Amino acid sequence: MNKENLKKLKESIPSDRIGLMIALVIIVGVFSYFNRYYFSATNFINILVAASLIGLVAIGETYLVIAGLVDLSAGSVAAFASVLSAVLLINGVPFILTIILVMIAGMIVGVFNGFFVNQLQLEPFIATLASMSIMRGIAYIICGGKPKFIVNETFIKMGNYRLLGIPIPVYILIIGFIIFGIILAKTRFGRSIYVIGGNKTAARLAGLNPKRITIILYMISGALAALGGSLLAARMSSGQPSASVGLEFDAITAAVLGGTAFSGGVGTIFGTVLGVLILQGFNTGLIMLSVPVFWQYVARGMLLLIALAFDYYRKKVRNRKLLQESMAI
């Protein structure tokens, strides 16, 4: 994909963002109509807090999906990280060092995912499906199948303390969106992710190293999932091996909803921000309307299908535009 095509693809994104904003307003309006407590500052903050975990994982998934990859192990890594955080804290490790070690552990999982994809030529879906099961199992083994309770007050405050009325995890999520948004949009590394997702052969000819970038992307995904798991442990005051089941699907749904093409080469962090808000607003609305859990699964699955259908439609429109413009030259 050359720079001209890349520019054209980016120019098509604003119309998607407007559609996403309208969808967000509709979701807020519909749920507010059926539950008057939905449209309140307290509920919006609760949505943001719940979105902090999905959002961190969605950042990593956005990077991967743009590059034509995916990480199904993110939810299990988050659960593993929550348990590992509890174990480290119980054994007297300072909370800052705990978070660093947990993120390094997540990066190591990312290295293994990247290795299996690069060296064994496994499909990303298959490689990370295996690590999803492995990491969930390790989480259960570490804690003997039971939650590990945390008594470190400083660590617990990190997940629950409010600065100017906003919980700390929300600030961390916003910082994450800003940093990774700038990296993706403004740096050579960010541009290389688009190029790899568009055409790996062209990327190699352009002097890029897709294998090295694949490893880095999986390390980023693992570190962010681990950070999210650690924040979850802080909020719940415990490490939960059963936590974050299906988290990776929510994160992928948010990324695709936000305009990230599942076929690779297209996507923005800002779009993912909107996708996360839509998804979490939708999930919270279902809970507030007391929709049975089983039907919530059905509704989320339908939302993913709708996101993929829109992704297919956007891809057709982009391809048609590029074809028409190529013929006009």
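This briefing covers helix packing, selected loop residues and backbone geometry in the structure above. The model is a predicted one, and every value below is computed from it. Among the helix pairs described here, α4 and α6 pack with their axes 8 Å apart, α3 and α12 also pack with axes 8 Å apart, and the axes of α8 and α13 come within 9 Å. Residues picked out individually include T62 in helix α3, N35 and Y37 in the loop between α2 and α3, and I141 in helix α6.

**Helices α4 and α6**

- Two packed helices are described by the angle between their axes and the distance between the axes.
- Helix α4, which spans residues 74-90, packs against helix α6, residues 124-143, at an angle of about 20 degrees and with the axes 8 Å apart; because angles under 35 degrees count as roughly parallel, α4 is roughly parallel to α6.
- The crossing in which α4 passes α6 is left-handed, and on the α4 side the contact is made by G75, S76, V77, A79, F80, V83 and V87.
- On the α6 side, the residues that make this contact are M132, M135, R136, I138, A139, I142 and C143, and the residues of the contact of α4 with α6 divide into eleven nonpolar, two polar and one charged.
- I141, which also lies in helix α6, has a relative accessibility of 68% and therefore counts as exposed, while its C-alpha atom is separated by 9.9 Å from that of F80, a residue 61 positions away along the chain.

**Helices α3 and α12**

- Helix α3, residues 41-66, packs against α12, residues 247-257, at an angle of about 65 degrees, with their axes 8 Å apart; because angles of 65 to 115 degrees count as roughly perpendicular, α3 is roughly perpendicular to α12.
- The crossing of α3 past α12 is right-handed, and it brings together L53, I54, V57, A58, E61 and T62 of α3 with L247, E248, D250, A251, I252, A254 and A255 of α12.
- By class, the residues of the contact of α3 with α12 comprise nine nonpolar, one polar and three charged.
- T62, a residue of helix α3, has 0% relative accessibility and so counts as buried.
- Leaving aside residues up to four places away in sequence, T62 touches A255, T260, T268, I269 and T272, and of these A255 also belongs to the α12 side of the contact with α3.

**Helices α8 and α13**

- The axes of helix α8, residues 168-186, and helix α13, residues 269-288, come within 9 Å and cross at roughly 145 degrees.
- In this pair, F177, F180, G181 and L184 of α8 meet I269, V273 and V276 of α13, and the contact has six nonpolar residues, one polar residue and no charged residues.
- I269, which takes part in the contact on the α13 side, is also one of the residues touched by T62.

**The loop between α2 and α3**

- N35 is placed in the loop between α2, residues 13-34, and α3, and with a relative accessible area of 15% N35 is buried.
- The side chain of N35 reaches the backbone oxygen of M288 at 3.2 Å, and, not counting residues up to four places away in sequence, N35 touches M288 and L289.

- Most residues other than glycine have a negative phi.
- Q121, which is not a glycine, has a positive phi of about 55 degrees; Q121 is found in the loop between α5, residues 95-119, and α6, and with a relative accessible area of 59% Q121 is exposed.
- S244, likewise not a glycine, has a positive phi of about 65 degrees; S244 is found in the loop between β4, residues 238-239, and α12, and with a relative accessible area of 14% S244 is buried.

Methods
Residues numbered from 1 in each chain as written. Predicted model: local features only at pLDDT ≥ 70, side-chain atom pairs only at ≥ 80, totals over all residues. Heavy atoms only, no water. Axes fitted to C-alpha atoms, helices over the stretch in contact; angles between N-to-C directions. Helix = DSSP H or I, 4+ residues; strand = E, 2+ residues; numbered from the N terminus. Parallel < 35°, antiparallel > 145°, perpendicular 65-115°, else oblique. Left-handed = near helix turned anticlockwise from the far one by under 90°. Contact = heavy atoms within 4.5 Å. Nonpolar A, V, L, I, M, F, W, Y, C, P; charged D, E, K, R; others polar. Buried < 20%, exposed > 50% of the residue type's maximum accessible area, 1.4 Å probe, protein only. Polar contact = N/O pair within 3.5 Å; in protein donor to acceptor, adjacent residues only side chain to side chain.
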